[in-house]
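Let's take a friendly walk through a few local features of this structure. Have the sequence and the 3D view at hand as you read.

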Amino acid sequence: MIKDYFLNEIENAIEKAIKDNKLGEMKEYAKGTLCTERPKNADFGDFAINVSSLARYAKMAPPMIANTIVSYIDKKDNEYTVIAGFINFKAGKTLLTNAVDEIFQKDKNYGKPENVKTEKILLEYISANPTGPFHIGHGRWAAMGSVLANLLKFYGHEVYQEFYINDAGSQINKLGNSLAIRIRQELGEDVDFPTDEIERKNYYPGDYLIPVAKKYLETHKGLPDDVKELSDFAKKEMEDLQKALLDNFKVHFDNFYSELSLHRSGKVDECVQKLKDSGKIYKKDGADWFKSSDYGDDQDRVIKKADGSNTYLTADIAYHIDKLERGYDRLINIWGADHHGYVARVRASIEALGYDPDKLEVLLGQLVNLVINGNEVRMGKRKNMVTLEDLIDEVGVDATRFWMSMRNIDTTLDFDIELAKTKSDENPVFYVQYAHARACSILRNATEEKINTETGEKTPAPLTKSELDKLINNYTAETILPTLETAKKLILKLEEYKSMIKTSAETRQVYTICRYVQELAAEFHSFYNANRVISDDKEMMKARLALVVAVKKVLNNALDLLAVTAPERM
């Protein structure tokens, strides 16, 4: 990365200056204490490093320190200037041409880091109850989780995506009872869900069970004797609908892990017994309490109620231990912000059972607000906007995925329905896709002959197909030279893709990819508007076309990570 190149030059120069006793009283230097930043005023340089922090060791004024360091640098074709305690530098043609050359040489692997420590990661997200359709909050976790998986895989990790099916407990029984009412209605009975709020909470009164009831009656004459049959039937239908929607939404799990299977395997009871055997459980008021406060939780937690039933935590303990026993180096969970207090108790259980709690990472996400015509709409008040499926039908897969991913996970997302549907520069996903389509259009126009509609005369194509292929397939760094001065900002933004990938993967953030492609699209549109790509100056045209190809490649790679289409025409 160019910024790392300059940082390395500065650090090496510091060591040389210390060796020659040119930095006052400074006798040693620990690399990693300085960082590269972008100056607010681009006229000052492409990058800058503040060396003022060295003043207390050198006992010298910051400008003197900076000038001394610069005197030890081989400038090559780069420019170095000192402003106060800052060393500012501008990338020369060698760094810029090499940056574009790397895009051509590495193609799909551009930005993929080398020699990084990789891990075997289990990424769990969504994990919804199989009792109804996904709501828009699930859509955010689905989009962000799948993008994070793509990013971590590209980085080099081995990533296994898992959906934990919450199919044990009273909610499944509620589902069966709810289906029973819908079936009775289909059979012509005058029956409905309770109107009392407390009683109504024992059912799922949504209309989504009506088609399930119809389907049940296609193969059954009436209600069964045991509601479990209805519960199992409805659960399978809901799971099938959820999986079909995920497939359409470009979200693909390696495994759907059933909570019920966890109980049936005996692993839940095994974990409870291990905690008892190690003295981590005590009795109080007839219930079994886990000493989670011994491991950083703010209080102890019940894992088995006085009536003998387990709490939600009991199965979650067993599930996370099962993950670790499957040999994963790291567990990453995406949970809603309402699970904030849950993190400490799960980490406590991992440590109590002899595992490293730091292997668990939990990303806590905020909610999604729907915005229609500038007004926030509460979920449930607008019936056709409650579910993820409805949202996808309204704005499309690409827009839904991009919008769901473009804000930091710990920030509430305002999803503007009308804006997400518009074909304008204000719609971020359209703006980015249009940049890719524009790049493709320029490349097509470069090899297409023009026909004068009035005279019928043909104008030869500016470039033959073979010439363009040669430009792409036999690219050399010198190709870009004629357009360097006008393309510098665009090249630096292209090169920034590498640091964006590294930072995003290490911080588990995906909104940074959306922000990057928007910034790259803006730089490309600015470049295009300021420079005539197809012209009579053939060498300049080739240089600019090479840059268009580079933009197309990087946009395509980034959109692949987001699982958003990179259209060639719009």
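This is a predicted model: local features need pLDDT of at least 70, side-chain atom pairs count only at pLDDT 80 or more; totals for chains, interfaces and linings use all residues.

What does the side chain of Glu-119 make a polar contact with? The partner is the side chain of Arg-330, at 2.8 Å.

## Two residues with positive phi

The loop between H4 and E5 also holds Asp-107. Its phi is near 50 degrees, which is a positive value in a residue other than glycine. Asp-107 counts as partly exposed, because its relative accessibility is 32%, and that class lies between 20% and 50%.

Is Ile-126 buried or exposed? Ile-126 is buried, and its relative accessible area is 9%.

## Helix H5 against helix H15

Next, have a look at how two helices meet. Helix H5 (residues 136–155) packs with helix H15 (residues 397–405) at an angle of about 85 degrees, and their axes are 8 Å apart. H5 is therefore roughly perpendicular to H15, as angles of 65 to 115 degrees fall in that class.

On the H5 side, the contact is made by Ile-136, Gly-139, Arg-140, Ala-143, Met-144, Ser-146 and Val-147, while H15 contributes Arg-401, Met-404 and Ser-405. Sorted by class, this contact has 5 nonpolar, 3 polar and 2 charged residues.

## How enclosed is H15?

How many of the 9 residues of H15 are buried? The count is 9 of the 9, so H15 is largely enclosed by the rest of the structure. The buried residues run through Val-397, Asp-398, Ala-399, Thr-400, Arg-401, Phe-402, Trp-403, Met-404 and Ser-405. For Trp-403, the relative accessible area is 3%.

## Aromatic pairs

A pair of aromatic rings is described by the distance of the centres and the angle of the planes. The whole structure contains 24 aromatic pairs. One of them joins Phe-6 and Phe-47, with 6.2 Å from centre to centre and 40 degrees between the planes, a tilted arrangement. Phe-6 belongs to helix H1 (residues 2–19) and Phe-47 to strand E2 (residues 47–50), so this pair links distant parts of the chain, 41 residues apart, and Phe-6 and Phe-47 are both buried. Ring pairs also connect these two with Tyr-5, Tyr-80 and Phe-89 in a cluster.

Trp-403 and Phe-415 form another pair, with ring centres 5.3 Å apart and planes at 35 degrees, so the pair is tilted. Because Trp-403 lies in helix H15 and Phe-415 in strand E15 (residues 413–416), the pair ties together parts that are 12 residues apart in sequence. Phe-415 counts as buried, at 0% relative accessibility.

Note on methods:
Residues are numbered from 1 along each chain as its sequence is written. Side-chain values use heavy atoms; hydrogens and water are left out. Axes are lines fitted to C-alpha atoms, for helices over the stretch in contact, and angles run from 0 to 180 degrees between N-to-C directions. Helices (H or I, at least four residues) and strands (E, at least two) are DSSP runs, numbered from the N terminus. Angles under 35 degrees count as roughly parallel, over 145 as roughly antiparallel, 65 to 115 as roughly perpendicular and the rest as oblique. Contact means heavy atoms within 4.5 Å. Ala, Val, Leu, Ile, Met, Phe, Trp, Tyr, Cys and Pro count as nonpolar, Asp, Glu, Lys and Arg as charged, and the others, Gly among them, as polar. A polar contact is a pair of N or O atoms within 3.5 Å; within protein, one must be able to donate a hydrogen and the other to accept it, and residues adjacent in sequence count only if both atoms are side-chain atoms. Rings of Phe, Tyr and Trp (its six-membered ring) pair if their centres lie within 6.5 Å; planes under 30 degrees apart count as stacked, over 60 as edge-to-face and the rest as tilted. Buried means under 20% relative accessible area, exposed over 50%, partly exposed in between (1.4 Å probe, protein chains only).
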